[in-house]
Amino acid sequence: MKILLYGGSFDPPHNGHLNNLRAAADRVHPDKIVVMPAGTSPFKEGTNASGALRLEMCRCFAVLAQEPGMPPLEVSGWEVAQAAAGSRNYTVLTLEMLARENPGAILYLAIGSDMLLSFEGWHRWQDILRIARVVVTSRDIGDAPALHAKAKQLDPSGGRILFAPVQALPMSSSQLRARLAAGEECKTELPEAVRTVIRREGLYRNTEGSSR
């Protein structure tokens, strides 16, 4: 069984996330996809939306499972629950949990290109490459040479880091939060399911750095 993990703050999830996950799935053809919103990201001071609301917004990924050739997709609140219990989580711990719960499964981790370039800063990054194969999707047009050089440095054998061809949709959650705070609806970038939660809860109305 092949399991593809896709994690992130998803604050909020946007069409670029869906686009990259679709590309990663097309590359490795998993039997199951697990979308995992972070509890408390080691790389960020905090999130604007609560774990529960980010988990709800991630239901937008379910539309991918309806596309031809896509496998079942689960949105997991495991990392959010870990944070609620006072535990700071790391990707390697999530992968170890998936390995325990799915003995013999081949694990894949989908990440964006920016994450590969900073991969050596991840907690126990060598163990991540031991437990899972990393599937990299490009978020920025023209960044392929730097990505391949970094992959060769991290994985000289060439078997643990894979690349998923994708037509990049350059957008970021931080940029979208700023636009939402300025009153834009971001209809092109955000799935309707996500915008519904944002409208209902009044999310991202304050400036960047809000604790909401």
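**Entry 1: a bridge in the sheet**

I started with Leu 5 and looked up its bridge partner in E4, which turned out to be Leu 109. I'm working on a predicted model, so I keep that in mind throughout. A reminder to myself: strands of a sheet pair through backbone hydrogen bonds, in either a parallel or an antiparallel way.

**Entry 2: the whole sheet**

Then I wanted the strand order. I found 6 strands in an open sheet, going E3-E2-E1-E4-E5-E6, with parallel pairing. Which strands stand at the edges? They are E3 and strand E6 (161–164); each has a single partner strand, so one side of each has no neighbour in the sheet. I also noted the twist, which averages 25° from one strand to the next.

**Entry 3: helices on the sheet**

Next I looked at what packs on the sheet. Helix H4 (residues 91–101) does, and I see it touching E1, strand E2 (32–37), E4 and strand E5 (132–137). The direction of H4 makes about 155° with that of E4. I looked at helix H7 (residues 144–154) too: H7 lies across E5 and E6 and runs at about 160° to E6.

**Entry 4: aromatic rings**

I searched the whole structure for aromatic pairs and got 5. I picked out Phe 10 and Phe 61, whose ring centres are 5.3 Å apart with the planes at 65°, so I wrote this pair down as edge-to-face. Where do the two sit? Phe 10 is in the loop between strand E1 (2–8) and helix H1 (15–28), while Phe 61 is in the loop between helix H2 (51–57) and strand E3 (73–75). The pair therefore ties together parts 51 residues apart in sequence. Both are buried: Phe 10 has a relative accessible area of 3%, and Phe 61 has 0%.

**Entry 5: cysteines**

Last, I checked for disulfides. How many does the structure hold? I count 0. Cys 58 is in none, and the nearest cysteine sulfur to it, that of Cys 60, is 6.1 Å away. A disulfide needs the two sulfurs within 2.5 Å, so the sulfur of Cys 60 is too far from that of Cys 58 for a bond. I looked up burial for these two as well: Cys 58 is buried at 0% relative accessible area, and Cys 60 counts as buried at 4%.

Conventions: Residues are numbered from 1 along each chain as its sequence is written. This is a predicted model: local features need pLDDT of at least 70, side-chain atom pairs count only at pLDDT 80 or more; totals for chains, interfaces and linings use all residues. Side-chain values use heavy atoms; hydrogens and water are left out. Buried means under 20% relative accessible area, exposed over 50%, partly exposed in between (1.4 Å probe, protein chains only). Rings of Phe, Tyr and Trp (its six-membered ring) pair if their centres lie within 6.5 Å; planes under 30 degrees apart count as stacked, over 60 as edge-to-face and the rest as tilted. Helices (H or I, at least four residues) and strands (E, at least two) are DSSP runs, numbered from the N terminus. Two strands pair if DSSP finds at least two bridges between them. Axes are lines fitted to C-alpha atoms, for helices over the stretch in contact, and angles run from 0 to 180 degrees between N-to-C directions. Contact means heavy atoms within 4.5 Å.
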